[in-house]
Amino acid sequence: MEAEEVSEMLLERTAQAILNDDFEGFSHCFAIPHKIDTPDRKVTLETRDALRTLFQGVVQDYKNRNVTALIRHCEVAEFRGPQKVEATHVSHVMSGHQRVVDPFHTYSVMQFTDNRWQISATQYTLDRQIPVGATLHAMTDFETGPASPPANTETSKKET
């Protein structure tokens, strides 16, 4: 499997799981712990329950906004070893033919563990404007795990 195929497969599976409110399908695609960075917050989801809280917040936000499609395309993906892929993708969140938010970029790290590809870390270019960022801000540190101060964006953020 090519690096881009790994990314596209996980993008499709997670999009369908979100749109179908399928936590089991969604959680199968994520490693725990899972690191998430936004411009304002850096957290680690330490438990499956924390991942579920994030998932439920995103699903509810999409329902509130009448999201009908989550269109995501891998822009660049590369193997960084035999069991690690790093990739960037662009997301389009749609309600019918209308955009719900402006397109945004995401950087992800995927690793082959437990006999499957899983997303182990994600960096979002937007914060509270997108469902993940808004949900993270509503979650407590107890739900997500130890919080870290915002990273210095000049030295620690990946270009997307």
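**Briefing: the largest pocket and its surroundings**

Strand E7 gives the largest share of the lining of the largest pocket, namely 4 residues. The model is a predicted one, in which local features need pLDDT of at least 70 and side-chain atom pairs count only at pLDDT 80 or more, while totals for chains, interfaces and linings use all residues. Residues are numbered from 1 along each chain as its sequence is written, and side-chain values use heavy atoms, with hydrogens and water left out.

**Overall fold**

- The chain holds 6 helices and 8 strands, where helices (H or I, at least four residues) and strands (E, at least two) are DSSP runs numbered from the N terminus.
- In sequence order, these elements give the pattern α-α-β-β-α-β-β-β-β-β-α-α-β-α.
- Of the 160 residues of the chain, 45% are buried, a term that means under 20% relative accessible area, with exposed meaning over 50% and partly exposed in between (1.4 Å probe, protein chains only).
- Among contacts (heavy atoms within 4.5 Å) between residues at least 6 apart in sequence, 59% join residues at least 24 apart.

**The largest pocket**

- A pocket is defined on a 1 Å grid over the protein atoms alone, as an open set of points where a 1.4 Å probe fits, with protein on both sides within 12 Å along at least five of seven lines; its lining residues have an atom within 4 Å of a point.
- The largest pocket contains about 160 Å³ of space, the volume being that filled by probe spheres set on grid points joined across faces, edges and corners.
- Its lining is made up of Lys35, Ile36, Asp37, Lys42, Tyr107, Val109, Ser120, Ala121, Thr122 and Gln123, and at least two lining residues come from each of E1, strand E6 (104-113) and strand E7 (116-124).
- By type, the lining comprises 4 nonpolar, 3 polar and 3 charged residues, with Ala, Val, Leu, Ile, Met, Phe, Trp, Tyr, Cys and Pro counted as nonpolar, Asp, Glu, Lys and Arg as charged, and the others, Gly among them, as polar.
- Asp37, one of the lining residues, belongs to strand E1 (residues 30-37) and counts as buried because its relative accessible area is 9%.
- The side chains of Asp37 and Gln123 make a polar contact at 3.5 Å, meaning a pair of N or O atoms within 3.5 Å, of which, within protein, one must be able to donate a hydrogen and the other to accept it, and residues adjacent in sequence count only if both atoms are side-chain atoms.

- The buried residues of H1 include Val6, Met9, Leu10, Leu11 and Ile18.
- Helix H3 (residues 48-64), with 17 residues, reaches 24 Å from its first C-alpha to its last, close to the expected 24 Å, and its buried residues include Leu51, Phe55 and Asp61.

**Backbone features**

- Most residues other than glycine have a negative phi, and most peptide bonds are trans.
- Asp21, in the loop between H1 and helix H2 (23-27), has a positive phi near 50° and is partly exposed because its relative accessibility is 42%.
- Asp114, in the loop between E6 and E7, has a positive phi near 55° and is exposed, with a relative accessible area of 59%.
- The peptide bond from Ile32 to Pro33 is cis, with omega near 5°, and Pro33 lies in strand E1.

Note on methods. Expected span 1.5 Å × (residues − 1).
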